[in-house]
Amino acid sequence: MTMKIFRRGTARIGLILALIAIIVFFYYISISQSSKDLHSKNKLTVSNHTNWSNWLNVNSNNDVHKAHKRKDISENIDDSLPDWNECSALKEANADINTKEVFSNFEFEPDWMKTKEYWDKDFESRYEKLMNNQQRPPLKIFITPHSHNDPGWLKTFVNYFQSDTRQILNLAVTKMPEFHNMTFIWSEISFLNLWWEQAHPSRQRALKKLVEEGRLEITTGGWVMTDEANVHLFAMLDQLIEGHQWVKTNLNYIPKSGWSIDPFGHGSTVPYLLASSGFEGTIIQRIHYSWKQWFAKNQASDFLWKPHWNTQKSKFNTMLTHNMPFDIYSIKHSCGPHPFICLNFDFRKIPGEYTEYSIKAQFINDENIQQKADLLMEQYTRTASLFPHNIALIPVGDDFRYNHEKEFNQQYENYKKLIDYINKNSATRYHNATIQFGTPIDYFRAIKERQNNKFPSLIGDFFVYADIFNEGRPAYWSGYFTTRPFYKLMSRDLEHNLRSLEILFTLAFNKARQHNLSNAFKVDEKNYEKIIQARRNLGLFQHHDAITGTSKVHVMRDYLNRLYESIQDTVKLQQQTIELLLQYPNENFQQNFIISELERDNSNRLPRKTASQILPDKNIDVVLFNSLTQERFEVVLLRVTKPNVKITDAQGNELPFQINPVFNVTEHPDTFARKVVVSKREYELMFIAKLPALSLSVFTLSYENDTNKFKMATIYCDECKDEGNEPTLFDIKQKEPGDIQVENFKMKLLFDGESGFLKSMTRHSMGRPIQMGIKFGAYKSAQFHSGAYLFRPESNDPRSAEKDVFETYRETKIMITTGSISSDVTVIHGAFLAHTVRIFKTQTYLDTAIFIENDIDFENPPKNRETEMFMRFNTAIENGVEEPEFYSDLNGFQWQPRKKVSQIGIEGNYYPITTSAFIQDKQMRLTLITTHAQGAASLEPGQIEVMLDRRTLYDDYRGMGEGIVDSRLTRHQFWITVEFFKAESDNEDKKYYNVPSLLAQHLTNSLNYPANIYFIEKYEESQQLNVQKSVQLLNYNLPCDLHLVNLRTLTEHNLPLFPSKSSLLIVQRFGYDCRLLNSSDDENDDSYGKICARNAGKFSSLKLFRDVKVEKIHRTSLTALKSYGLIKTFSSDPIEAMELRTFNVTFV
């Protein structure tokens, strides 16, 4: 009968349409009601499930995440995806929970804050009602033993392994076979690898057996438990790949669930990466105390974390996420809402240890088991009442736990007695509850089954993290966004060099293989181990106590030495790969003729440029490697000993250049007065190089009889000559009184004549000045409340919170340097600050942006004590009156709107940035692009500021036990762009997902991945070299919005230190805002957008690389543990804006 209704009869069709209309009507009523429930401020809801709107079905592991299902993904994707060369504005995704909107409505100092526990009479009342609800499903408990192992914090990575971690893993593989139903989890693969290398084969097999049985779950499987605020996308993904490849190779295991319990706040990048890797769920812990209470109140601690932008593939990038409902992952704070009761159930009692739990806890015996079981179940049932499904995951562990055999026995034997008793008496005493040892994957599968895969959706993130541990008042963890910037920059330096090496090595190694260049092949094979070590050193530093700067001084020094060693190795290996790629395949392979332009004396200092000596009979060839897959204009700065020079490109064309002074600062030995001197031994050669996409280009420096007087920059400086007034080649003039002005073809900058700081800019196409003042200042740290982790000014009144950062550096020196290619203004405040603002005159898109460089040295303590130094931009941009808003990036991958919340002070409104931030109104946008992670804020309308460095003499009582006094001279570099929006129609949908422009994205990549500079230098004059002047490594142009994240050689499966012929090609199609106009209205303007339009890039043919042949390419999951089948073209499944994708490329 049903079939007949669908087959014929218009009346029946009408009836069906009417039924559909009724269903839709009730659906929208349910959405409206759900929304009311969500935002209700009244009593807590009592229900068997939460009535969230916008259910999003995430299929279980048996369908979505299996490879044979995923490879048919293209069948479900709309073919109307835009062309590569089209741009449409991204829209914000719809979700049940938008963290920005919810967060701004929190009560940040509720009554319960003094007790440090949000569980109040309302929660107790709801709990009692739920206990009497016969329809509520029975309680289910998963007890999860764990040990959180930091790869460095109070001890170094190796010291922790030797003192604790090795014993923990040894005990796990020894005791768990005895304890047949005990489970355990492990996350840090860096430690697991170290243990595996030293473990007896019998222990290796025991571990593998536990993993196969599902009793020891590898959670997340990254090299470390990564920080989520400071880490750039490349390093975050690379450490995940390194860990996953290790786990697959050694354990034949694919991680299924995430475990991120100790990073200080959580962003939405890690969930995206895990979802794209095929995970089923992930667990987070440290979020703002108000979020803890809100999730508990709304029974929403299990949610679907979606990308912030609207995407057709959201279900493949959405992560089921479990928020641990209480403060921290210790047993005291995990069993239920009352820590003083939970202390009874930490059974660790080690002779010589006296702790709050060892004193309070009593072992379970026949006399106390009923009372203890009842007490424990009261906490477990309260915990489960915070969820609609009545299932609770209870972690049993803490930092470096289970490092004694006694604890393994004590925790297991006592919990086993409780589990057995509760299960035995379940029907009579515990409402048919079940309790067992389990792992996170058990929890996720149980809640999916009970909730029918329906959970609320969420967009946004969980920064800034705040706790109320110590004093029952908020403490904001926003200091570590900036702490120890020298280390953060070193991490990015290694990232840049490792990425360049990965690309060069993959292509050079396979070229050597395919052309039978045996010597080169052997060199590459021999050195591959150093690449593995560089990956692991970079990965280790992404640990949440490393890149954050929150480890003890000697531990930070150990990290620094590892970074430095790998930077040195990657630079040397780049030299070897470039030597192979530059030589013709049929030539005798020559070695040791490529050297880096940078000298790195030690890990504590900035690298120095090598000065080239050009003689009449000696030319110098300079090799530039462009690691980007887009053509670029690069500002190249070289040091030369004489200005008698000319420069030619690969085709022999002479290039315009500019000779700039090198300023030396001398200090009088008695008076300590500082004097700026123009060097007569070194000069800075500046030229603009046009570099093809992914290429090696050779430029030649040769001797010129003329001193190039017309190429020499003009210097305006009052005190820039030697005392003896020795002649200089530069034209040095006295600085005129009044304000300072520099300009190029696009803009004019105005600087204050007294301070030397920028005041305004004028776009020539507009004719009116735009306010853009730069100010340096500092907040005075609140002693014992501001440290490595926390940031807290002494006052939250903006007028009294700031201090004069130049209080002890009153002597100001201003130098103006101007020439045919650039003009800049430099301000020096003693040893403390050298600040340069530069504009270019290249007739390229570089002329539309402003370059800033700050050299900052806090000197030795006690100078600059309790100082939180910032650089602030004051503009007329109307980004909010009472609640200014700005946009900060997350890991260089996505952007989050940040609206000022006045109730939480300055420290609560500082957010992490990794590559960029911007403020905007309806007319214009100012974008700040940076080289490294730091904190940023918009505290007043029209303002955006970034924290530059911090020094706090006192500890902030979050475990490190030290202040931050080991500052070093650090170089900060920025690009600033000012762009204007196109006029929009009034009826256009305004709910955009805001991202940088195409130009800003390109400048970001150019700043983070500058051209690598090398010299060709024969080790003896008789050496015959025949090298190519230009080597392009791509067969065709790629689109401007397609970024090559990495081209990473995979390791041979059975030879763990040797490279294979397969590599991971990881690409990202970044989103960009196409509502922004080109840099000017001039049709002849060579803007970046027009360059991209002319190139008309594509991503289609598998013949992507020159000189190397590809055998086959597989589409894979993000970390390449799952294959989704062979592809015939890259364009068979279009890549959406913002999407990351991985291919496994097998070379012939």
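1. Starting with the annotation: an unreviewed UniProt entry lists "domain: Glycoside hydrolase family 38 central" for residues 475–563. UniProt positions are in the numbering used here, feature names are shortened, and annotations may be inferred rather than shown by experiment. Over residues 475–563 the chain is 73% helix and 2% strand, with the end C-alpha atoms 31 Å apart. Helices (H or I, at least four residues) and strands (E, at least two) are DSSP runs, numbered from the N terminus.

2. Ground rules before going on. This is a predicted model, where local features need pLDDT of at least 70 and side-chain atom pairs count only at pLDDT 80 or more, while totals for chains, interfaces and linings use all residues. Residues are numbered from 1 along each chain as its sequence is written, and side-chain values use heavy atoms, with hydrogens and water left out.

3. Overall shape. The protein chain has 24 helices and 50 strands. For 1148 residues, a compact globule would have a radius of gyration near 32 Å, and the 31 Å of the protein chain agrees with that. That radius is taken over C-alpha atoms, and the globule rule is 2.2 Å times the number of residues to the power 0.38. The C-alpha trace spans about 100 × 80 × 70 Å along its principal axes.

4. Of the 1148 residues of the protein chain, 63% count as buried; buried means under 20% relative accessible area, exposed over 50%, and partly exposed in between (1.4 Å probe, protein chains only). The accessible surface comes to about 44000 Å², and carbon and sulfur atoms own 47% of it. Those areas come from the Shrake-Rupley method with a 1.4 Å probe, and for residues, only the protein chains shown count as cover. Take the contacts between residues at least 6 apart in sequence: 76% of them join residues at least 24 apart. Contact here means heavy atoms within 4.5 Å.

5. Helix α7 (residues 189–198). This helix is mostly covered, with eight of its 10 residues buried. The buried ones are I189, S190, F191, L192, N193, L194, W195 and W196. What covers them includes α6 (157–175), β3 (184–186), α8 (201–213), β4 (216–218), α9 (233–251) and α19 (518–541).

6. A sheet worth a look. Strands of a sheet pair through backbone hydrogen bonds, either parallel or antiparallel. Four strands form an open sheet in the order β17-β19-β22-β21, with mixed pairing. β17 (611–612) and β21 (657–667) stand at the edges, each with a single partner strand, so one side of each has no neighbour in the sheet. β17 and β19 (residues 632–640) run parallel and are joined by two bridges; two strands pair if DSSP finds at least two bridges between them. S612 has V640 in β19 as its bridge partner.

7. Strand β23 (residues 695–703). Eight of its nine residues are buried, so the strand is largely enclosed by the rest of the structure. β23 pairs in the antiparallel sense with β18 (residues 620–626) over seven bridges, where F625 stands opposite L696. β20 (residues 645–648) is also an antiparallel partner of β23, over four bridges, and K646 has S702 as its bridge partner. Three bridges join β23 to β45, again antiparallel, with S697 partnered by S1030.

8. Disulfides. A search of the whole structure finds three, a disulfide being a pair of cysteine sulfur atoms within 2.5 Å. C335 and C342 have their sulfur atoms 2.0 Å apart; the torsion about their S-S bond is about -95 degrees, so this disulfide is left-handed. Both C335 and C342 are buried. C717 and C720 are joined with S to S at 1.7 Å, and their torsion of about 70 degrees makes the link right-handed. C717 and C720 are both buried too.

9. The remaining link. C1040 is joined to C1092 by a disulfide (S to S 2.0 Å), left-handed with -105 degrees about the S-S bond. This pair links distant parts of the chain: C1040 sits in the loop between β45 (1030–1032) and β46 (1042–1051), and C1092 in helix α24 (residues 1088–1095), 52 residues apart. C1040 counts as buried at 11% relative accessibility, and C1092 does so at 8%.
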